[in-house]
Amino acid sequence: MMILIAGPYRSGTGDDPGKMAANVRAMEAYALPLFRAGHVPVVGEWLALPLVALAGSRRVGDAAFDEVFHPIAERLVERCDGILRMGGASAGADLMVEVAHRTGRRVFRRLAEVPGCESLAEPPS
């Protein structure tokens, strides 16, 4: 399965670049276990952040950022078989869950819920 890993990016960071990078690393911690279980993991930021830069964004939350960041993730959900919702509070990740439900994708809340990952523990946070 192709699985979008959705979690907090900006939430709780005050838009601090170091904290946002740590949130990406937290999502990425799920990628290798999913891959080893036979899945294709995707972190939306892998696609969104380069496109945001190409769109001319100068800061998180500006018009160019908003043009790309959530819309690319919504398009990804529609092409994935499911999403893994990890981490804490996040309006954006919750939006991806809504899109997944609306489009009939599976939503996993723990790594062990994903087929082939039943015996795996959550990555350290």
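Q: What do the buried residues of helix 5 pack against?

A: Keep in mind that this is a predicted model. To read packing, start with the residues that are buried, then see which elements they touch. Here the buried residues of helix 5 pack against strand 1 (2-6), helix 4 (63-79), strand 3 (82-85) and strand 4 (106-108).

Q: Which residues of helix 5 are buried?

A: They are Gly92, Ala93, Met96, Val97, Val99 and Ala100. Looking down the axis of helix 5, you find these buried residues within an arc of 160°, so they line one face of the helix. Over on the other side, Ala91, His101 and Arg102 are exposed.

Q: What span should helix 5 have, and what does the model give?

A: The idea is to count 1.5 Å a residue.

Q: What follows helix 5?

A: Check the backbone angles there: Gly104 follows helix 5, and its phi is positive, near 80°.

Q: Is strand 1 enclosed or open?

A: Count its buried residues. Four of the five residues in strand 1 are buried, so the rest of the structure largely encloses it.

Q: Which strands pair with strand 1, and in what sense?

A: Look at the bridges. Strand 1 pairs with strand 2 (residues 40-43) in the parallel sense over four bridges, with Ile5 opposite Val43. Strand 1 also pairs with strand 3 in the parallel sense, again over four bridges, and there Ile3 stands opposite Gly82.

Technical notes: Residues numbered from 1 in each chain as written. Predicted model: local features only at pLDDT ≥ 70, side-chain atom pairs only at ≥ 80, totals over all residues. Heavy atoms only, no water. Helix = DSSP H or I, 4+ residues; strand = E, 2+ residues; numbered from the N terminus. Expected span 1.5 Å × (residues − 1). Buried < 20%, exposed > 50% of the residue type's maximum accessible area, 1.4 Å probe, protein only. Arc of directions from axis to C-beta. Contact = heavy atoms within 4.5 Å. Pairing = 2+ DSSP bridges.
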